[in-house]
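I opened the model to look up its surface patches, its sheet and its salt bridges. The entries below follow that order.

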Amino acid sequence: MKALVYHGPDHKAWEDAAKPAIQSDTDAIIRVDAVTICGTDLHILKGDVPEVTDGRILGHEAVGTVQEVGTGVKTVKVGDRVLVSCITACGTCRFCRASQYGQCLGGGGWILGHTIDGTQAEYVRVPFADTSTYQVPAGVADEQILMLADILPTGYEVGVLNGTVHPGDVVAVVGAGPIGLAAIMGARLFSPSHIVAIDLADSRLEAAKQFGADVVVNNSHEDAAAIVAELTGGLGADVSIEAVGTPATFEQAVALARPGGHIANIGVHGQPATLHLEQVWSRNLTITTGLVDTYTTPTLLRLMTSQQLDASRLVTHHFTLDQFEEAYDVFSHASETGALKVVLSRR
Ligand SMILES: NC(=O)c1ccc[n+]([C@@H]2O[C@H](COP(=O)([O-])OP(=O)(O)OC[C@H]3O[C@@H](n4cnc5c(N)ncnc54)[C@H](O)[C@@H]3O)[C@@H](O)[C@H]2O)c1
Ligand SMILES: [Zn+2]
Ligand SMILES: [Zn+2]
């Protein structure tokens, strides 16, 4: 088969790779029908995620068709159309029993495209298939459900729920990539009074308006702190969400929060970021960080099928699987291409 293989920072290729086979009786082999690229894949290519080593097939989001299941797989069947979640869950460890699948101790967690081969391939092996995939309801398009593999649960859990967005809140979102936009969509469900989207790319700020931000700030030449202060009587945002993954944007997210406010870090960081305790120790802040657990996937799926969450608008570009190089190019140059999520499908 063909797959998108990582060869160290800045190097990747769509090349021949061994077709995956069942290794454990709880595995399934899934034919990838639609797959996408995450901002985290860009971090990997920058060398920010050193556990990803030369030869690894990237990708942790897919919709596919089950080709083969191990003898221990009970509910997933050959021919099923399933969502492959970015988080794999053994289902039985301490953390899985508490719905904290991202922290799975039984061999799951974020493993696809990280510590085992991922979904940017014609076929993928998914461990613990019963507890790591979701049946796709009839009538839901592949590319719509694909947004549930990572970005919607991430924006919702790690941004909105960890940040404890309440009705009437002023929410500042630093970074309006797909993750920031997913956080904006999720925050909308709680009727905040204002959502301030902050990015460097005007195309992404335009998108943020479409997804529910009422104030947009271009961080390259506008003063986010002054704009948030003006909206909040000088206090700062109730909830500040970091969706970029750089030291500067983390520090900015902290600085934007009001006393007693919440800062929810979503970004994957490759370097240390400074927490200016000398400035904020007395502000009673709550800072949360996290890897998505995907425990809200069923909730978000219900919101999607009841038309309360329209994820298809996140998809701006379509490619076939053999066009991975172009798709990465378009996704990584979002300010010029206007890309949000790119979807690659089987021919
Ligand atoms: N915690 C998790 O479980 C989890 C899951 C998925 C993704 N992530 C992380 O979330 C982050 C966002 O992912 P994405 O897919 O949206 O990535 P992306 O690269 O598409 O988007 C990042 C956005 O940040 C903007 N940006 C860059 N520098 C900025 C600055 N100084 N000020 C304001 N905006 C700036 C960019 O213009 C871009 O629009 C990444 O760090 C990704 O790794 C975390
Ligand atoms: Zn991701
Ligand atoms: Zn587990």
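I began with the surface: Leu275, Leu277, Trp281 and Ile287 make a nonpolar patch of about 420 Å². The patch search takes residues with over 30% relative accessible area and no salt bridge, joining like charges within 9 Å and nonpolar side chains (Val, Leu, Ile, Met, Phe, Trp, Tyr) within 5 Å. Areas are Shrake-Rupley values with a 1.4 Å probe, and for residues only the protein chains shown count as cover. I placed leucine 277 in helix α10 (residues 277-280); helices (H or I, at least four residues) and strands (E, at least two) are DSSP runs, numbered from the N terminus. Leucine 277 counts as partly exposed because its relative accessibility is 48%, where buried means under 20%, exposed over 50% and partly exposed in between.

The model is predicted: local features need pLDDT of at least 70, side-chain atom pairs count only at pLDDT 80 or more, and totals for chains, interfaces and linings use all residues. Residues are numbered from 1 along each chain as its sequence is written, chains are lettered from A and ligands numbered from 1 in the order in which they are written, and side-chain values use heavy atoms, with hydrogens and water left out.

Next I traced an open sheet of six strands, ordered β10-β9-β8-β11-β12-β13 with parallel pairing. Strands pair if DSSP finds at least two bridges between them. β10 (215-218) and β13 (286-289) each have a single partner strand, so one side of each lacks a neighbour in the sheet. Within the sheet, β8 (residues 170-174) and β9 (residues 194-199) pair in the parallel sense over five bridges, and alanine 172 stands opposite valine 196 in β9.

I then checked histidine 43, which is found in helix α1 (residues 39-46). Histidine 43 is buried, because its relative accessible area is 7%.

How many salt bridges does a search of the whole structure find? I got 11, a salt bridge being a side-chain nitrogen of Lys or Arg within 4 Å of a carboxyl oxygen of Asp or Glu. One of them joins lysine 341 to glutamate 61, with the closest N and O atoms 3.1 Å apart. This pair links distant parts of the chain, 280 residues apart: lysine 341 is in strand β15 (residues 341-345) and glutamate 61 in the loop between α1 and β4. Lysine 341 is buried at 1% relative accessible area, and glutamate 61 counts as buried at 0%.

Methods. Buried means under 20% relative accessible area, exposed over 50%, partly exposed in between (1.4 Å probe, protein chains only).
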